[in-house]
Amino acid sequence: MPDFQFFDFLVIGSINTEYIVDLNGRSHHGVVGGPALYTAGGMRCWNDRIAIVSHTRVEHQDFFRSINRKYQISIEGVHFHADFQDDRTFLGYISPHEVVIENPVAFYASRDLTFPRELFGYDQKYLETHEETRFFPEDFPSHYRDCTSALICQTDLKTQLQMSSLLLNASTKNLLLQSSDQYMNMANFDALPALMKDLNVFVTTTAQIENLFRNRSQDTWEMAEHLCNLGCQYVIMHDDTFGQYLVDGRLKKRFQLPAYPVSIVDPTGMQEAFCGGFLTGIKKNYDPVEAMLYGNVSASLTAEGTGPFFCMDAMPGLVDSRLNFARELVKSI
């Protein structure tokens, strides 16, 4: 049975089994992560009443029961499969913005680390070309459709279009989409109006949006404003050097917020945690700048350790302290 009868936040995204070598050279095997869980972790820093829709391996059932008990996150929409597709992900970090995702044997050897036997046969290129659409309307428990705020993690364009249409025709008032490399390119430029229509928040990266607008514009602010003009209220761009950019399409304003100054141990899931924090902030405060601060803090807590719920181990009061500090960093452009 769910811990709550009604939920405020719905997360739709994939779940992966991760093999991570962090920036301190430590190896982490079989971490149950993926966009859905890092997003939920970023949300849970601020709020509860969270539900997840995803698919994963039956071997992960005990893990999901534990997060249901410990964090009161509903897992009724998580579907477990005995013959689930290969969900392994390798992430070997060289710097906070440089990650190796192929040839893990060489990476582990270069760090004098024992190669995990679970990664034998891993082929990232094969996994990318054989990834299937994972979400369908029948995946949603009926009461999940009463959620007023929802987030669709990075996935293919077709799935995001289908899921956003489903949610906006239900009870969703605040919808956030996280962009994906799969469709942020010139070939899909003409498909963006359908994705942006009636959307509240679109979170992307400066690299992705520049790839989308290649040969059309050289100004990233103008690119984001174009997406707002297609119907999206707020566009956020992550930049490896400068942090987050926010374009408020309603008020025609621009803001910049540098990444929170922390010692990054494991960058995995930072952007997803930001998205989760942002959605909780926009629902609570109806203020995109304040929501950006929530996301910024969630990302900073996630980056200091490994796993989607590491951020929940923060000392009492640390979240509010960082939020107050981050307010001093926002710039209106």
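Student: Why is phenylalanine 107 counted as buried?

Tutor: In this predicted model, phenylalanine 107 has a relative accessibility of 6%, and since buried means under 20%, phenylalanine 107 counts as buried.

Student: What makes phenylalanine 90 buried or exposed?

Tutor: The relative accessible area of phenylalanine 90 is 0%, which is again set against the limit of under 20%, so phenylalanine 90 is buried.

Student: How do you know whether the pair of phenylalanine 90 and phenylalanine 107 is stacked or edge-to-face?

Tutor: Their ring centres lie 5.7 Å apart, and rings pair if their centres lie within 6.5 Å; the planes stand at 70 degrees, and because planes over 60 degrees apart count as edge-to-face, that is the name this pair receives.

Student: What does this pair tie together?

Tutor: Phenylalanine 90 lies in strand E6 (residues 88–95) and phenylalanine 107 in helix H3 (residues 104–110), so the pair ties together parts that are 17 residues apart in sequence.

Student: Why is the pair of phenylalanine 115 and phenylalanine 120 called tilted?

Tutor: The distance is 5.3 Å from centre to centre, with 50 degrees between the planes; planes under 30 degrees apart would count as stacked and those over 60 as edge-to-face, so the rest, this pair included, are tilted.

Student: Is phenylalanine 120 buried or exposed, and what makes it so?

Tutor: Phenylalanine 120 has 57% relative accessibility, and as exposed means over 50%, phenylalanine 120 counts as exposed. Ring pairs link Phe90, Phe107, Tyr108, Phe115 and Phe120 into a cluster.

Student: What makes arginine 111 lie over the face of phenylalanine 107?

Tutor: Arginine 111 is at 4.2 Å from the ring centre, where the rule asks for CZ of Arg within 6 Å of the ring centre and within 35 degrees of the ring normal. Arginine 216 likewise lies over the face of phenylalanine 189, at 3.8 Å from the ring centre.

Student: Turning to the sheet, why are strand E3 and strand E7 said to stand at the edges?

Tutor: The open sheet has four strands in the order E3-E2-E6-E7, with mixed pairing. Strand E3 (27–33) and strand E7 (98–100) each have a single partner strand, so one side of each is left without a neighbour in the sheet.

Student: How do you know that strand E2 and E3 pair?

Tutor: Two strands pair if there are at least two bridges between them, and strand E2 (residues 16–21) and E3 have five bridges, in the antiparallel sense. Valine 21, for instance, has serine 27 in E3 as its bridge partner.

Notes
Residues are numbered from 1 along each chain as its sequence is written. This is a predicted model: local features need pLDDT of at least 70, side-chain atom pairs count only at pLDDT 80 or more; totals for chains, interfaces and linings use all residues. Side-chain values use heavy atoms; hydrogens and water are left out. Helices (H or I, at least four residues) and strands (E, at least two) are DSSP runs, numbered from the N terminus. Rings of Phe, Tyr and Trp (its six-membered ring) pair if their centres lie within 6.5 Å; planes under 30 degrees apart count as stacked, over 60 as edge-to-face and the rest as tilted. Buried means under 20% relative accessible area, exposed over 50%, partly exposed in between (1.4 Å probe, protein chains only).
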